[in-house]
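Please examine the assembly shown below.

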12 protein chains.
Amino acid sequence: MRILVINGPNMHLLGSREPEVYGSETLASLEKAVADFAKELGIETRFAQSNHEGEIVELIGTARKDADAIVINPAAYTHTSVAIHDAIKAFPKPVIEVHMSNIQAREGFRRESLTAPACVGQICGFGANGYKLAVQAIHYMLSQKA
Amino acid sequence: MRILVINGPNMHLLGSREPEVYGSETLASLEKAVADFAKELGIETRFAQSNHEGEIVELIGTARKDADAIVINPAAYTHTSVAIHDAIKAFPKPVIEVHMSNIQAREGFRRESLTAPACVGQICGFGANGYKLAVQAIHYMLSQKA
Amino acid sequence: MRILVINGPNMHLLGSREPEVYGSETLASLEKAVADFAKELGIETRFAQSNHEGEIVELIGTARKDADAIVINPAAYTHTSVAIHDAIKAFPKPVIEVHMSNIQAREGFRRESLTAPACVGQICGFGANGYKLAVQAIHYMLSQKA
Amino acid sequence: MRILVINGPNMHLLGSREPEVYGSETLASLEKAVADFAKELGIETRFAQSNHEGEIVELIGTARKDADAIVINPAAYTHTSVAIHDAIKAFPKPVIEVHMSNIQAREGFRRESLTAPACVGQICGFGANGYKLAVQAIHYMLSQKA
Amino acid sequence: MRILVINGPNMHLLGSREPEVYGSETLASLEKAVADFAKELGIETRFAQSNHEGEIVELIGTARKDADAIVINPAAYTHTSVAIHDAIKAFPKPVIEVHMSNIQAREGFRRESLTAPACVGQICGFGANGYKLAVQAIHYMLSQKA
Amino acid sequence: MRILVINGPNMHLLGSREPEVYGSETLASLEKAVADFAKELGIETRFAQSNHEGEIVELIGTARKDADAIVINPAAYTHTSVAIHDAIKAFPKPVIEVHMSNIQAREGFRRESLTAPACVGQICGFGANGYKLAVQAIHYMLSQKA
Amino acid sequence: MRILVINGPNMHLLGSREPEVYGSETLASLEKAVADFAKELGIETRFAQSNHEGEIVELIGTARKDADAIVINPAAYTHTSVAIHDAIKAFPKPVIEVHMSNIQAREGFRRESLTAPACVGQICGFGANGYKLAVQAIHYMLSQKA
Amino acid sequence: MRILVINGPNMHLLGSREPEVYGSETLASLEKAVADFAKELGIETRFAQSNHEGEIVELIGTARKDADAIVINPAAYTHTSVAIHDAIKAFPKPVIEVHMSNIQAREGFRRESLTAPACVGQICGFGANGYKLAVQAIHYMLSQKA
Amino acid sequence: MRILVINGPNMHLLGSREPEVYGSETLASLEKAVADFAKELGIETRFAQSNHEGEIVELIGTARKDADAIVINPAAYTHTSVAIHDAIKAFPKPVIEVHMSNIQAREGFRRESLTAPACVGQICGFGANGYKLAVQAIHYMLSQKA
Amino acid sequence: MRILVINGPNMHLLGSREPEVYGSETLASLEKAVADFAKELGIETRFAQSNHEGEIVELIGTARKDADAIVINPAAYTHTSVAIHDAIKAFPKPVIEVHMSNIQAREGFRRESLTAPACVGQICGFGANGYKLAVQAIHYMLSQKA
Amino acid sequence: MRILVINGPNMHLLGSREPEVYGSETLASLEKAVADFAKELGIETRFAQSNHEGEIVELIGTARKDADAIVINPAAYTHTSVAIHDAIKAFPKPVIEVHMSNIQAREGFRRESLTAPACVGQICGFGANGYKLAVQAIHYMLSQKA
Amino acid sequence: MRILVINGPNMHLLGSREPEVYGSETLASLEKAVADFAKELGIETRFAQSNHEGEIVELIGTARKDADAIVINPAAYTHTSVAIHDAIKAFPKPVIEVHMSNIQAREGFRRESLTAPACVGQICGFGANGYKLAVQAIHYMLSQKA
């Protein structure tokens, strides 16, 4: 089982960006922790970070060849991107949306997600652990189907 | 570590209610699965289901005495209850909101959650597995603090 | 054929509550009139009144065992209850919404019904007679199916 | 007692128009059934169908001379006609609004009725039977007054 | 100078329709009073009343041949007709909107006028006198131009 | 018969302010024309202009002693002043709102009038002539009452 | 003179719930202080607290037998309950709404009160003293009537 | 193949109505050009223009007998007619909506089309050529099916 | 202890303005009653009434020198004045908003208070007694602090 | 005559993406068909597809050097891109917006086009044929100008 | 070159009003700094502060005689005054709006400026320096024109 | 002191794009003028223009290493980009938003800025000079801190 984990805009700054909201862990260390966790479940992970809406669209588009599921934190694009919504909808396997912070408890414009309706489900508010929970969720989902 | 798991209105019908949305597992079997999962993490669980907004308010209010965290699926009250929002806010330990279906992909009135802003985080779209993920999330959270 | 007739909050005050809107007949006499009318059509009726949203949810939930249809006047909960909407949706047989007054001709907040979209139909503005019309409607509906 | 029954735009297509929503009965047969039903209650009925908002306004305006009540299905004009609202308001006897489908359970623009606030009451969701229920409702109403 | 005076839907009922709002004068007597008033100013008047949106569109369209100005009370169509808005816009000479009642002091849906932005001006709240004021206004306007 | 004519903010600039919208006549000459017109109808006029919301409130408040009616062009305060609305409502005799331009055909924020619902009627779009029409309207109104 | 004082959901937690908003006094001590204050005015008080919307509806409904007025802090139900609105409206004597905090200065959803329009008046922002002021207000009101 | 081409209100004024928006070609010449174009594709055309919403409803209703497709420019009714929406929906073959101007670039109220969701597609902004493109579109569509 | 009591626009008309809403007591007599009441609590009162938003802003601004608290009935400015909101916010001691009528039970535009969020609390619906309750509230507040 | 045809995000997946909405033809074959069609009209075509909003902005910006018109399907960016709106507005020659599906008949967020007001016209709902119609439309437009 | 600098309501409290938002500099010292800065650019400045909307309207109205430009901080009136909007629009030379704080980053009601659309431009968020920047901006503007 | 100046989408067309709105100066010449101006203040400037939202996010992200402040004209992304909002918020030094035109006086969708709340301040309406004013503002700000 192979999962592609996509992080959206400004996530490359993780660890230095507003640490009171996003914590002080870097993206690399977060990805390492998720990869280790997945490995234990027998899942292979691939990671990508992009600040470009179009690049994220393409990552999802090409993932259909080599990924069984996607875990995506669209970050700011969550609230503005119909293009990523469409890319997720066009992806024929499960996609899970993750947010490190609880987007429901922040500014008004973060309360609407354009991408969530195209996903299987959403996990938010658990910091870096949210990604592990998403991997776990996919594991449950694909194991049950099998 | 003790977790109280609360299920809201109409969840007692689980298994017979709109199975195409909520699956055919009963609430009892769901609770059993969650309890077993929690036990393996060394977590004791207690379960409650209520169709009464006021009763859920009281369950949360008295939980402060004997629960380290709450996992709640407020069901329909998610979208209409300020009272449960207030009860969660008054609870001094973590509360996680769970929904079996992806509420973002259903009717418009299910897209707003009055309760989520008072919670630590939200997990939705993973059916019965969502409860296990929430227990796992609390385990992460409380282990890290310790 | 058995019909459960449910009346929502403040309906127990019928006869003494704002008689210029709701008339001076008591709930007991209204129920008696409806029972008599139904009997002539060969329909057995059971009546319930509750001021509790949760109790109404439960009345609908357990009705699946012994009622062929429900006539419900959710009163104030019409405009605020997703829980009753969900309960009606989970009920596998016809439910008809009745209002004694014409809710379209009153305050703005009474013009939206959260429960009507989950029902088969709605009858409003005919006072106590609305319940008889609803019983008649169910009679038509179930006779035609048979 | 004389009742005028008015059907609005596209109702002349009844039976061939979207049968999954409106059934396969024609308008003529529907009118026949309603007339028969009314006759048993000692009520004389007259029927009119018009696709013209202005014509419906005129039908209501002239009905004051020879009708004791009106049953109207304004169809699409329900949602757009202030002119019919005004005509109903100017009519000094009871008017009942009927819809064959449950307009609360369809597209958003069908959920608002401009005409209902000017009527005595509304009946919707019972197909052709709705007209009979409306006739019955008028019978109750005018008998009680007498 | 020739003025066409157009009255919209339900205005044929003037005198019998909601006299507490519209007074007890009939349309014929109102038209007579306006014609007499205009005559004194040397203005020839022609009157038309229609309950049909399309007919009003046509009245305005053909008026370009023989009218120097139009006084229109679009009644209910004020609030719903883009077609009459367009017809007025296409008319190359002044059009004045008149309302007998003060539409700003009635139901919310009467507060928006779709037709007024296409007119030269609006006069409302003065009952039958409003038409005379409109004729006077046109007289001022066209005299000043000349 | 005595009429108080009140002009609101920026009306003192009449003649020099945006002449393409408001014309090139000064306020003094406008007032003179209106006084002359009123005199012919046997009406005594008094004029006031103020840029102060509070002063306009006071002008209306004290007018109850010596005016039989008020003609007011609240200008910008039309769209923002509840205080003038309240003052008009507290004035026990007729008040007419006048606007020189057609406020319905300008910016969106000029389409709502907070003051009009408290008035007897509204006249707009006829430039300086609007005031004469308002005086005429009052003349009609008070003559008919007498 | 007898007054019923009703406290809504989560008020049983007073003293331990968000003390920075609601203070550290318990509900029992608050009730004691209000009872003492009322006694000095010759008023008998009865207290009730409920987390159940339906129970509050019933408390109001039965109060008509033995209370001359009601002081109610509907807490969270202020913003969501049409049922309590209706119960207050059906109560034939004065009802005063009290809030300990200034609900106008908190989250957006606390700014709208569904219950206040059915009450005589509202007092908010004075903590426990608000109840005493409400008792005082009723004293003024009923003394003046007598 | 037979196509019915319907033009809505004020289209009979084409050539003289706001030529800067709609051009100076008359409706007759436009229809001639479309007929010629269609003929070359082997398509027979029939033309109708009506200012009456109800008549357009009827034109669509009876077209089911003798037309394989409809090209309609509902003009002003685009933005206000649920009746034409319903008529189009009841028509079992393709309907294409045409607008001469780009309705997206005009007043706000022209940006919403009530009729377009019931059509196969929409073409706007190309003046008289839009009709030819619509005929061409139908030709493509029906040829591909065949 | 010194309290400044400010009354806003149209309050100088008290006693003659809409007596069915505001009662027949004059402002002078109201002020006298409040002064007497305050005196008994050992509080010195100063009164001001202004119809000018700017003057009220200045009254609040200079009160910082000689008042320990302000009781304000901003009347119409409640719903439109950000300037008074800012003045209250800049005042470093408690300000209480009073309304004689229950503003929640009147026109829609009276339901929003721009000034209340800047105050300590709000009292409305108790006529002239509301001022006394506000003085009492300040007395409680400042005594408790001392 | 040279036309640039731009396809927006996810259009590279054509043929495999939601074939029930977008058909099974690939983008390459679609482009081929359009090129062939254009060639017959003596028009040279160039094609570009991009998932990047910025790239589309640049494609339009540089097109001013070598294209006489643009046909663009902005796909998801239709609903979210002011940048493409601005780029189109800055392009001094005709731009036509094309959508394969009827965007008016899909999700609410697809009904608003930010880009259409900057275009000459819009064609939607005709699948791949829409591009040919757009080329035809440009041909009409530019031939008429010449 | 002469510039009039106008400060709106509550600005006379500068230095003592909410210093965490507006700083501790007084208005007099701010005006001194701006005057000195302007002098270096050869610009003469005149300063005015008013808490009265009407007075600000008049300051702008009379400035046309002796000012080449206006720098205005309408403070609270920014969000509520159409009268100042109109006064600015009637002023035939450049007007610049200044705010000391970043109004976009504060309460929702401060995000809309009614006055900015009538100005040449807006500068906000730079405290007292904003006025100097505005003077500089006018200097650029008028120098370029010359 | 080093400042990064970022220009958003379509700004590379400056000089040729809608010159009536944006002037005829090219971006290069604008950048030269700003650099010269900054140099005189002892400030080093670096310039970047991008049409890509993601690239602008990255420019801001890496600027933390070598810029003391940012001047940004996000152009169209002002109104649609949460990603740039987040990037600015994550940048630990001052960012100033500049617009050449007065965005408050243009289309409705240009009146909301998603990016401004994350900036220190905003300057708009002064064409190319706005950049110089922004540089000056930063100079004031950083000098005062030092």
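**Helix packing and a chain interface**

In chain H, the axes of helix α3 (residues 53-66) and helix α4 (residues 82-90) come within 9 Å and cross at roughly 0°. Because angles under 35 degrees count as roughly parallel, α3(H) is roughly parallel to α4(H). Helices here are DSSP runs of H or I with at least four residues, numbered from the N terminus; axes are lines fitted to C-alpha atoms over the stretch in contact, with angles from 0 to 180 degrees between N-to-C directions.

This is a predicted model, in which local features need pLDDT of at least 70 and side-chain atom pairs count only at pLDDT 80 or more, while totals for chains, interfaces and linings use all residues. Residues are numbered from 1 along each chain as its sequence is written, chains are lettered from A and ligands numbered from 1 in the order in which they are written, and side-chain values use heavy atoms, without hydrogens and water.

On the α3(H) side, H:Glu53, H:Ile56, H:Val57, H:Ile60 and H:Arg64 contact H:Val82, H:Ala83, H:Ile84, H:Ala87, H:Ile88 and H:Ala90 of α4(H) (contact: heavy atoms within 4.5 Å).

Between chains E and D, the contact draws 17 residues from chain E and 16 residues from chain D. Together the two chains bury about 1,400 Å², 55% of it on carbon and sulfur atoms (accessible area, 1.4 Å probe, lost on being put together and summed over both parts). Within chain E, the most area is lost by E:Asn10, E:His52 and E:Phe109, together 29% of what that side buries.

Definitions and conventions
Helix = DSSP H or I, 4+ residues; strand = E, 2+ residues; numbered from the N terminus. Parallel < 35°, antiparallel > 145°, perpendicular 65-115°, else oblique.
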